[in-house]
Structure formats: structure tokens, C-alpha cells
Amino acid sequence: MAIIETKNLTYTYPGATKPSIVDVSIKVEKGEFVLITGPSGCGKTTLCRCFNGLVPHFYQGELKGEISVSGIDTLKHHTYEMAKHVGLVFQNPENQLFALSIEKDVAFGLENVGVSREEMRKKVDWALNQTGIYDIRERSPHEISGGQQQRVAIASVLAMEPEIIVLDEPTSFLDPLSAEKIFEVIYRLNKEQGITVILVEHRLDLTAKYTDHLIVMDEGKVRFEGDPRQILSSEETRLIGVGIPKATLLYQMLKKEGLNLGDKTPLSSEELADQLLEALSPQ
Amino acid sequence: MIEATDIRYSYPNKVEALKGVSLTIQDGEFVAIMGQNGAGKSTLVKHFNGLLKPSVGKVRVDGVETTKSSVAALARNVGFVFQNPDHQLFSETVEEEIAFALKNFGFQPDVIEQRVTWALNLLSLTQYRKTSPFLLSGGERKRVALASVLAWDPSTLILDEPTIGQDHEQKEKLRQFIMQMQTQKKTVVIVTHDVEFVAECNPRVVLMKEGKIVADGEGKEILTDPALLELSSIVLPQIAQVFTKLAPLGFPKDVIDLYEAKQIILKAKESKQGR
């Protein structure tokens, strides 16, 4: 059974004149690493808010269609019930941090579900270490940089070890190397522990290589869904404003000029470099 | 012209964010300030419009020392767009947000109307003219913040992480806009982590680490130096990554441009076939 399934999901914010997502029908299997992309304002963030019930329970408005997450109808259950299953990392970390110390912020979710003290210590330390903020755990989340705040937001979700982690541009304020390290941690959790990951990103140069299931949205609708290699080589995907990874673009440009590097569209510099080395090395 | 001379800055919590920085930015230059989180990039650029004053050293903007001028006076010439748009937006509609500074600078109503319409159009926000900025997406709010500063046409523009949350098309528009500002001899300073954006624009790059400048030069030269970038927690642009791995074929390493990359590869293919 799919861990997330939506059927004809359409949602309009209160006071808005048109829906933010329209007829969205998607299926995510347990253990998948799903990447959602699309032009800004296309409804990516709104869709994420549906996964843990923030839409419609917190935002109100009108939700039509069906949605099931971890076998639960989010329309009939509160957001706090969903929190055990789905962890959401917001786009703007300031919207989710509030405690007096980083450590307390990371422990907050666990306190609410009644985890024992020893276990809490263990899980909090693990999450702090994974995100590289153990050394600053006693500082206030409001006196650190935007990038560090994003690490805290990610740690507080990791500590809960949810079945599904939804990350909405989680590393936008981080420097590229730190962002890559965070993506590696998330990728490892996905591969080793089978946590289902939903990642919203514009920067496919950094993230396309992690995914096997790509969703491209435009104007509230799902425009493409499936194999990233196929979707990212389509001209239409580029035309709706998706930032195709440079390695993928270069592969396509070379193909047009008659240099065929094989059938596998590369998603990363490593893949393209290997193809080029094979094609251009002297025999 | 912006001249920072050996400036040091400590925050009230005693953290020294700048440890002796000297930098001159000429009129009409396009500079990208890069470096890892906490390197002091945002702290440095906040000195350029007087939001922060150096603890030690001097900052001069067009010859005037920032300690001898108010932020309000400096703002007319130096526009600043914050990293997080929510630190900057407060009006009830997008239109009012953009008109706010124009009113404060005392522009005539018909000029305000004209400038607001121009800025909305430039940043693809016309359809949101009467919408509350807080109903917009993160990427759109960022554009509202940018529009509100562009509207008063400052001669220097400082953009802290302008590409965050922006899709490919918006980034391309931003790039074109910056190029247009260049032709008008305007100065643009961006703070960014977006190596791909910098690779596409190829500006002067100033690399910072732990409150100091560690490199200053042409984008193409700095963005293809793996050791230097690792020191600053930056990864190579994707094209440079490919060319680093192609070194065994005798390819140059300093390639960041997609079209240049294509030409080099096609030439190599021809010479291989020719043999």
C-alpha cells in the first residue's frame, strides 16, 4: 500500500480567489526518495502542508478530494496525531523554532509523546550529531545564523524518527558544502532506515542524483511524475522553468550536435564525466 | 564607490564577525561575496549602507564616512535587500509595500504610480498588486522585497542571497536585470551560496572565511580552484566538476560556462575522429 496517496486534491486558502493546488493525484511508496520541483508559487509548499494536516486544520480554507498518509485520512485526524508519522521541515526555520536552547527545541517533540529521559537524551544527541550542531546545543536558536537554524529545524524532525520526512527547501540558507552534507544524511536515513523522504527543491544540480521519483508541478497541477532521467530530458520540463542540472543540459546539447554518450541521461557531474571519459579516451 | 579600510566588527555578544577587512568596490562593478555560513558576509555588506558601523576602521560610501551619515541618507543611494524577506515586509498589499519607500523619499504620486507599475512588471508580480505579501509563496515574497528596493532606483544595490527560493526563470531574469544595471554603470553586490548562479554571471568573486577575505578575483578563476573552495565550504559548479574529472584527457580545468564546455568537448571529439 502506498504510504501517501492523494486523489484529485484541490485546495483554496481562505480569502484566495483561486486554488493553490488543483486535482493533485499522486502516489508515494514506502521508502521512496521523492523530489518535488516547479516554478515558485506552483503549489509545492501547499502540497507539503497537506501531508501533515496543516492544510486544512491550521490554515482553514477549502480542501476537496482524498488524501491518505500512513493509512490515515488527514482530514479526519488532528495535526498532532500526524506528527508521529510525518515530520515537516519548513522553508523558513524561524517559523518553527521557539525554545530557549537548541537542545530544548530538538527535544520538544519527544517530550510531547512521552519518551523516557534516557531515550530522549540518546535521540536528541544523535540528531544533534547528524546535523553537526552538537557543539552549539546550549545556545539560543534565535542568536544563530539562518543556516544554523535550518540545521536545528532538521534535527528536531530527525529526533522524532518519523516514517515520513517532508523537507521544504531545507538547506536554502546553508553554504553548498553544508547543504550537501545534510542531503547525504537524509539520503542515508532513506537508504538505511527506509524513511520515506519528500524533498522540495529548485536546485536540482544538488539534489537530482538522490531521487528515483520526481514530481514537477506548475500552476497548482502535477505536470510530470516519474523517472527523473526521462522527465529532465524533456524539452517541456525546461520550458516550464525547471532548472535542469548543468550536467544533464550539457549531455543534451552534445547529443544534439551528434555526440551520443549512451541512453542513460546523467543527473550528476560524476555520471556525465564517466560517459565522456569513455567516449573520448583514446582506445 | 565603496571603500572599507581594515574594518573590524564585534556584535554585542562579543562575537567578532569581521577581523580586519579591506575592500574597494568601484562604481559599476558586479561583486559576489561568497563563503561559508558565519564567515561574516552579511555583516560586511550591512556596513555598506550604514546599518552597521565598524568597531574599528572606516567605511566610505561615495567618499562619505558611514559614521557621519544616517542610514536614511545612505539608503537613497544604496538599496539593501535582506536574506529573509519576512524581515522587511510589513504592508497590507504588495503595491503599498513597493510604494512605501518612494513616499518616504518624497516622490510625486504620478512618479510613484509609474515606478510601482514598472517594478511589479519587472519581477512578474503584477497579478499580486492588491494581494497581501503574506499570502504569497516564499519565492514571491523575496521578489516583493526586491521590487520595493529596485523601485527607487538606487545607484548601488546590495542583495543578500537573492536567488533563495527562486526558480530557474526568475534567476535568469535576475541575471539579465543585473547585466542591465551594469550597462547603466550601477554597482551590484550580492551575497550568495549559489555557485551555479555565480558561474552563469561570472562576476568578481570575494571569498570570505572566519571574518577575513581569503581570495578576491575573477569568478572563473576562483570557482575552479577546488582547494580554495573547500576551505570556504563551497562546492565547484557542476561544469567545473565535470572538467576536473576530465583532466586525464588533457582538458583545461578552468571551465564554468556551459557553451564553452560544449565547444571544448566537440573539438576533442573531432580530433579523435580525425586520427
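**View 1. Two domains of chain B, with centres 32 Å apart over their C-alpha atoms**. This is a predicted model, where local features need pLDDT of at least 70, side-chain atom pairs count only at pLDDT 80 or more, and totals for chains, interfaces and linings use all residues. Residues are numbered from 1 along each chain as its sequence is written, while chains are lettered from A and ligands numbered from 1 in the order in which they are written. Domain 1 of chain B covers 1-69 + 186-234, and domain 2 covers 237-275; such bounds come from an automatic or database domain assignment.

**View 2. Where domain 1 of chain B meets domain 2**. Here 8 residues of domain 1 are in contact with 8 residues of domain 2 (contact means C-beta atoms, placed from the backbone, within 7 Å). On the domain 1 side, helix H7 (195-201) and helix H8 (219-222) of chain B each give two or more residues. H7(B) gives the most, with 3 residues. Helices are DSSP runs of H or I with at least four residues, strands are E runs of at least two, and both are numbered from the N terminus.

**View 3. Chain B as a whole**. You'll find 11 helices and 10 strands in it. The C-alpha atoms fill a box of roughly 70 × 45 × 30 Å along the principal axes. Of its 275 residues, 49% count as buried (20 or more other C-beta atoms within 10 Å of the residue's own, all placed from the backbone).

View 4. After H11(A) comes Gly258(A), with a positive phi near 95 degrees.

**View 5. An open sheet of 6 strands in chain A**. The order is E7-E8-E9-E4-E10-E11, and the pairing is mixed (strands pair if DSSP finds at least two bridges between them). E7 (86-89) and E11 (221-226) of chain A stand at the edges with a single partner strand each, so one side of each has no neighbour in the sheet. E7(A) and E8 (residues 164-168) of chain A run parallel, joined by 4 bridges. Look for Gly87(A), which stands opposite Ile165(A) in E8(A).

Technical notes:
Two residues are in contact if their C-beta atoms, placed from the backbone, lie within 7 Å. A residue is buried if 20 or more other C-beta atoms lie within 10 Å of its own, exposed if 12 or fewer, and partly exposed in between; C-beta atoms are placed from the backbone.
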